[in-house]
Every structure is written in structure tokens, then in C-alpha cells.
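Visitor: Could we go through this structure together? I would like to begin with its charged pairs.

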Amino acid sequence: MEQIINLTSKYIDYGNEKGRKPVVDPSDYLVGLKKYLLNCNGSTNNTRFKFFYTNDWHGQTDNMGGILGASLQFDSCSQGQKLDTLKLIAGDSWTGANTKKNSLILNLMNYMGFDACAVGNHELDSGSKGLLDTIKSSYHTKFVSSNLKTKQGETPNGIVSSFVKEENGNKYGIIGLSPIDLKTVVAEEKIPDLDVLSLNDTIKNTQAEIDKLKAQGVNKIIILSHIGKDLDTTLAQSLDGVDIIVGGHSHDKIQSASEGENLVRSKSGEPVIILQTGQNAENYGILDVQFNPEGILTKVRNSVMETNKKKSSVIESIKESEIGVSPSIGFVQETQPLPQNRRLAPSPWTACIADSMRDALNTDVALINSANIRKVPQAGKLTERDVEESAPMKNDLMKTKMSEEQIVTAIKNAAQRSFGSSDGYPGLLQCSGIRYTIDSNGKLLSLSFVDRLGNESAVDINNPSKTKMYGVALDSFLANGKEYPEMKPYYEVERFNYDKDTTMINYIKQRPDKDRLVFKDDGRLKIVQTSQPPRQSSNTRNI
């Protein structure tokens with residue numbers, strides 16, 4: 001049984017006395033859902049509100065069958081009940097620049113009845129024009145962001161800062177927020193016409209949106225946010241009038257409702273619930289709450305559940321109809337799934353993609369940032385689309401030269417920063433032509449280069465050569481140096497107008513074992529446990 005939290009005694013008169021702490025009374029925690037529902041439905045003054053929410057699908061259509069099923073079940077269970085309902089997604093619904101696939105996902109969002117979607121960073125993978133062209137066809141789902149601005153300081157056409165949804169005579173205000181670090185995680189050339197407000201300006205702007213909604217008689221405010229859990233907490237405690245924050249970007253799976261964790265207090269002391277379901281359409285959430293006549297939360301029940309992750313024949317049929325049948329290129333006999341935190345673990349599939357880059361560009365080494373790969377295909381028939389969906393970003397591949405010292409420094413610093421941050425940002429460098437070992441704090445212990453015959457050459461990691469050079473395959477995201485400064489090329493670059501999905505498809509087609517593919521960890525990236533205490537975080541993410 002999910003925990004039901006009665007918030008009444010925690011907010012009465014709170015905020016009238018400056019600095020007063022909220023009171024946590026064990027008697028406030030109800031035990032039975034039946035009692036909770038009776039209390040909600042039996043009151044003529046209170047409003048019961050229930051909504052379906054998700055975040056960060058990242059275009060993972062294999063898991064969207066589970067979202068579709070859960071959404072239809074939510075609709076069925078909500079029928080005939082005396083309650084208001086909404087469906088919300090907190091951004092990054094798709095990933096990559098394939099506008100046909102993005103349109104397909106948008107059509108699914110409309111079909112499922114999602115009322116709003118925050119504008120995350122991946123909504124802009126096809127650029128600002130690509131996003132706006134895609135969402136023109138949206139007939140139900142609104143795209144919301146109040147802190148995403150044109151160079152003239154206006155909300156872009158086709159996007160709304162906020163809007164009001166009325167259910168059974170009750171008004172709900174929905175405000176959208178885009179990532180504060182948008183300019184770090186989206187290539188500048190894709191959004192030259194857009195800016196995002198700083199954290200402080202976002203807080204001020206959001207409060208102005210809340211005040212505007214209040215002036216319209218709206219006292220139940222939801223923020224659809226794609227800024228990450230930590231900043232959502234800061235936001236909640238800095239605002240007056242917010243009730244619910246549906247978040248994304250940091251990929252947290254937040255269960256239930258816990259005082260001090262995802263149940264915090266606003267500037268005026270009223271309760272605020274912060275929600276998030278993880279990523280990749282692996283989970284969905286249902287929030288069931290009660291508001292009093294003043295629009296203050298009095299009861300909360302939050303449930304986060306796993307989706308059915310088997311491929312849906314319905315979704316596959318829709319994909320084939322809308323995008324086309326994808327050619328088969330092989331058969332996966334055995335594979336390891338994408339790690340729970342792909343930033344901090346080896347991935348055999350990613351390693352094979354690096355091999356394909358090294359082979360296609362004829363280099364000594366290939367490097368990929370771990371977060372670049374979004375999916376590992378399941379066992380069974382492998383199609384070109386499966387590969388494309390695993391590397392959807394459509395960055396250009398590049399070929400350059402790097403010294404031994406530069407490569408060692410890049411790998412060393414990436415490991416230190418990733419293990420020194422709470423979420424693994426920016427992520428380890430996956431590789432081909434290199435073997436390296438780090439400890440569980442991210443300290444580089446050893447590194448060697450591996451030639452095409454499998455011969456290893458150990459490197460003195462404390463004194464790597466400044467003059468020994470290697471040909472390196474990478475992509476334009478790594479080369480921009482925003483997340484990995486050491487990867488910005490110092491030497492001449494050859495650029496190719498295709499990404500790593502193209503090299504992987506060709507690589508698989510040429511393999512003699514393509515009909516019995518096995519992807520297993522070969523030890524090229526090892527992480528050993530250490531008893532040494534973790535270092536101070538060296539994460540310098542721009543927020």
C-alpha cells in the first residue's frame with residue numbers, strides 16, 4: 001500500500017510566523033487508500049486531482065508500448081470518478097534530429113492525451129526551427145517554457161510560457177521550464193536564435209508567471225520543469241504559490257512522498273511535491289492529491305510504476321506505417337543491457353560502436369562520451385532502426401590527431417569529474433584502441449594502447465608523451481569541448497557528414513557473425529573497488 005500523507009497540520013498558519021518550522025505529526029500519515037478516497041470524495045469543499053506523468057522518454061519507442069498501456073489504463077480507471085485529471089510529460093520526449101520519428105512520438109503524445117510537455121534539451125536536437133515545425137501539428141499537447149526566450153526576449157512562437165486548464169470548474173495553471181544548462185547540452189549552431197534565463201532570472205520569471213495566474217483566479221499551480229531535481233528543490237523553496245513540480249533532466253526516480261526529500265515547503269511555508277520518473281519511458285507516475293478551497297495541498301499519494309518494456313506490436317506497426325519498414329542487418333544472440341547509469345559503467349554495445357568508428361575512419365583510437373548512446377537493442381532481429389535509435393544525436397564524425405598526453409588527460413579528467421559528481425556527469429569516455437582501469441572514485445590506475453593486431457603498449461600515466469601522436473575518431477559533440485574541454489582538437493580536423501549509427505550499421509553488415517551477434521564486456525574499461533574515501537566533487541557543470 002502506498003503511503004498517504006495528510007498535510008493539513010503541517011501548513012495551518014505556517015508562514016504567518018517568520019522562521020517557524022513545519023510540524024511533522026505521525027498521526028498525519030493515513031494507512032488506508034479506502035479511507036483516503038472516501039475523505040476526498042466525501043468533501044464538498046475540497047478538490048481531488050489525479051494526474052499521469054512521465055519524463056525523459058528520449059525517444060525510446062521500445063518502451064512506449066508500456067506507456068501507452070498504462071495511459072489507457074489510467075483513463076479507464078479514472079472514468080466515473082469525481083476527480084480532475086491531467087497528463088503531463090516533463091520534457092525530452094524525443095531524442096535526435098529524425099523529424100519523422102519525432103513527429104510520430106508527438107502523434108502518440110496527442111493520442112494518449114498528454115496536455116502539456118516541457119521543452120527539454122532534446123526537443124531541440126533538430127534545432128529551434130525543427131522543433132517549431134514539428135509541434136505545429138500538435139492538436140492536443142501544448143509545449144511550455146517560460147524561461148526559453150528569443151534574442152528579443154520573447155517566448156518563441158508555437159511555445160507558451162504557461163496556460164490554464166479547467167477541469168470540472170477547477171482551474172489549474174501549468175508553467176514550463178527548460179534546462180538552465182541548455183547552451184551546454186545543445187550545440188550552439190542548432191539554437192542560435194534562442195537563450196535561456198539564468199537560475200536567478202528563472203526564479204523571478206517563474207514567480208511572475210505564478211502571480212499572473214493568480215490574478216486570473218488560479219490557485220492550483222503546477223510547474224512542468226526540465227532543470228533537474230536539485231534545482232527543482234531550490235525553485236520550490238524560492239517561490240510562493242507553487243503546489244506541484246513535475247521534473248526531468250536529472251533522470252531521478254522519485255518514489256512516494258517523503259518530507260524533506262520530495263515534499264518540501266515553499267517560500268510561504270505551503271507544501272510542494274516534487275516528482276520525477278527516471279528516464280527512457282521505463283516508468284510512469286500517478287499523483288493523487290487533494291486541495292483545500294485555498295488551493296493548498298492537504299493530501300498526497302504518489303505512485304511510480306515500471307512500464308512493460310517488451311516491444312509492442314502496436315508501436316512497431318505504427319513505426320513501420322509512419323516511418324517505413326527498417327531493413328534487418330543481423331540477429332543479436334546475446335547482449336548486455338544499457339547500464340543503470342550509463343555514464344559510470346562500461347557498455348559492450350557502446351564499445352562496439354567505437355570499434356566501428358575506428359574501423360570506418362581508419363584511426364588508432366575512437367572515443368565516445370557514455371551519455372551519447374541511448375539504447376542497447378534487445379536480443380532478436382537487429383534492424384537499421386535499432387542502431388539509429390541507439391545513437392540518435394546525428395552528430396558529425398570527425399578525425400583528428402591527439403598526443404598521448406592529451407588522450408590520457410582527457411580520460412583521466414572525465415573519470416575524476418564523473419565519479420566526483422552526484423549523477424555521473426559528464427560520463428566516462430568509452431573507447432576503441434585503448435584499455436584503461438580506474439577505481440570506484442574515478443582515479444586512473446593504468447592505460448594502454450591496443451593496435452589492430454591486439455598488441456598492447458602500456459603508458460606511463462604520470463608522464464605521458466607530449467610528442468607521440470595518435471589518429472582519433474570522435475564526434476562533433478565531443479570536439480566542441482563544452483563537457484570535455486580536453487577533447488577540443490588542437491590539430492587539423494577532417495569532418496564527415498554522418499554519425500556513428502552509419503558506421504555501426506556498415507560494421508555489423510560486414511561481420512561474419514552478423515547472424516549470431518554477441519555483445520559482452522571485453523575488459524577494455526575496468527572499474528575496481530577501492531576503500532579510499534571519495535574525493536571532493538570536481539564537477540563543474542554550468543547551471
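Guide: By the rule used here, the count comes to 28 salt bridges, a salt bridge being a side-chain nitrogen of Lys or Arg within 4 Å of a carboxyl oxygen of Asp or Glu. This is a predicted model, in which local features need pLDDT of at least 70 and side-chain atom pairs count only at pLDDT 80 or more, while totals for chains, interfaces and linings use all residues. Residues are numbered from 1 along each chain as its sequence is written, and side-chain values use heavy atoms, leaving out hydrogens and water.

Visitor: Which residue forms a salt bridge with Arg-48?

Guide: The partner is Asp-288, with the closest N and O atoms 2.6 Å apart. Arg-48 lies in strand β3 (residues 47–54) and Asp-288 in strand β15, so the pair ties together parts 240 residues apart in sequence. Strands are DSSP runs of E, at least two residues long, and helices are runs of H or I of at least four, numbered from the N terminus.

Visitor: Are Arg-48 and Asp-288 buried or exposed?

Guide: Both Arg-48 and Asp-288 are buried, that is, under 20% relative accessible area; exposed means over 50%, and partly exposed is in between (1.4 Å probe, protein chains only).

Visitor: What about Lys-87 and Asp-75?

Guide: Their side chains meet in a salt bridge at 2.8 Å, N to O. Lys-87 is in strand β4 (residues 84–89) and Asp-75 in helix α3, 12 residues apart. Lys-87 is buried, at 4% relative accessible area, whereas Asp-75 is partly exposed, at 29%.
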